[in-house]
Amino acid sequence: MIGPGTGVRVYLACGTTDMRKGIAGLSALAQDVLRQRPASGAVFAFRGRKCDRLKLLYWDGQGFCLYYKVLEKGRFPWPSAKDGSARLTSAQLAMLWEGIDWRRPDWGAPPARVG
C-alpha cells in the first residue's frame, strides 16, 4: 500500500460507518467522533456494515488521501461499537489492510521451544 510510513498514529472508528461517505464526511467523523484533527497526519480507519469494506483517510501534507478496500472473501477484524475508538500501530494497520486479525492475544507470548 502506498501511504504513511512507520510510526504514524492510527485511529479506528469502532462500530460501522456508512461507506457512501467521502473525504468530507469521514473528516467530520474523525473530528466529531474520534476527537482528532483530520489534517494531523494520522490515519483514520472506518469499516462498513458488511464488514468487508475498509476506508482509510490520511492527510499527506498536501491533501487528503482516501484508500478503499473491499475483501472478496472474509471480514475485517474490528472492535465493537461500544469501544468508541481504538489506537493501532502502523504494523497493526498493515495487518488490518491485509485482512489479518491484528488483535491476536498471543503477541506477547514467548516463542515455543522446539525439540
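Predicted model: local features only at pLDDT ≥ 70, side-chain atom pairs only at ≥ 80, totals over all residues.
## Starting from Phe44

Residues are numbered from 1 along each chain as its sequence is written, and side-chain values use heavy atoms, with hydrogens and water left out.

## The overall layout

The protein chain has two helices and five strands, and from the N terminus they come in the order β-α-β-β-β-β-α. These elements are DSSP runs numbered from the N terminus: helices are H or I with at least four residues, strands are E with at least two.

Of the 115 residues in the protein chain, 40% are buried. Take the contacts (heavy atoms within 4.5 Å) between residues at least 6 apart in sequence: 57% of them join residues at least 24 apart.

## Rings that pair up

How many aromatic pairs does the structure hold? There are three. In one of them, the rings of Tyr11 and Phe44 have centres 5.8 Å apart and planes at 20 degrees, so this pair is stacked. Tyr11 belongs to strand E1 (residues 10-13) and Phe44 to strand E2 (residues 43-47), so the pair ties together parts that are 33 residues apart in sequence. Tyr11 is buried too, at 10% relative accessibility.

Tyr67 and Trp97 are arranged another way: their ring centres are 6.4 Å apart and the planes stand at 85 degrees, so the pair is edge-to-face. Here strand E4 (residues 64-70) supplies Tyr67 and helix H2 (residues 90-97) supplies Trp97, so parts 30 residues apart in sequence are tied together. Both Tyr67 and Trp97 are buried. As for the cut-offs, rings of Phe, Tyr and Trp (its six-membered ring) pair if their centres lie within 6.5 Å; planes under 30 degrees apart count as stacked, over 60 as edge-to-face and the rest as tilted.

One more ring is worth a look: the charged end of Lys55 sits over the ring of Tyr68, 5.1 Å from its centre. That label needs NZ of Lys or CZ of Arg within 6 Å of the ring centre and within 35 degrees of the ring normal.

## H2 and the cores

On H2, the buried residues are Gln92, Leu93, Met95, Leu96 and Trp97. They pack against E1, E2, strand E3 (53-59), E4 and strand E5 (85-88).

A nonpolar core is a set of buried Ala, Val, Leu, Ile, Met, Phe, Trp, Tyr and Cys residues joined through side-chain atoms within 4.5 Å. The largest one has 21 residues, and Val10, Leu12, Val43, Leu54, Leu56, Leu88 and Leu96 touch the most other members. E1, E2, E3, E4, E5 and H2 each give at least two residues to this core, with the largest share, four residues, coming from H2. Apart from this core lies another, of ten residues, including Tyr11, Ala13, Met19 and Leu57.

## Positive phi in the loops

Most residues other than glycine have a negative phi. Arg35, though not a glycine, has a positive phi of about 60 degrees. You'll find Arg35 in the loop between helix H1 (23-32) and E2, where it is exposed, with a relative accessible area of 65%.

Cys51 also has a positive phi, near 70 degrees, and is placed in the loop between E2 and E3. Is Cys51 buried or exposed? Cys51 is buried, with a relative accessible area of 5%. After H2 comes Gly99, with a positive phi near 85 degrees.

Conventions:
Buried < 20%, exposed > 50% of the residue type's maximum accessible area, 1.4 Å probe, protein only.
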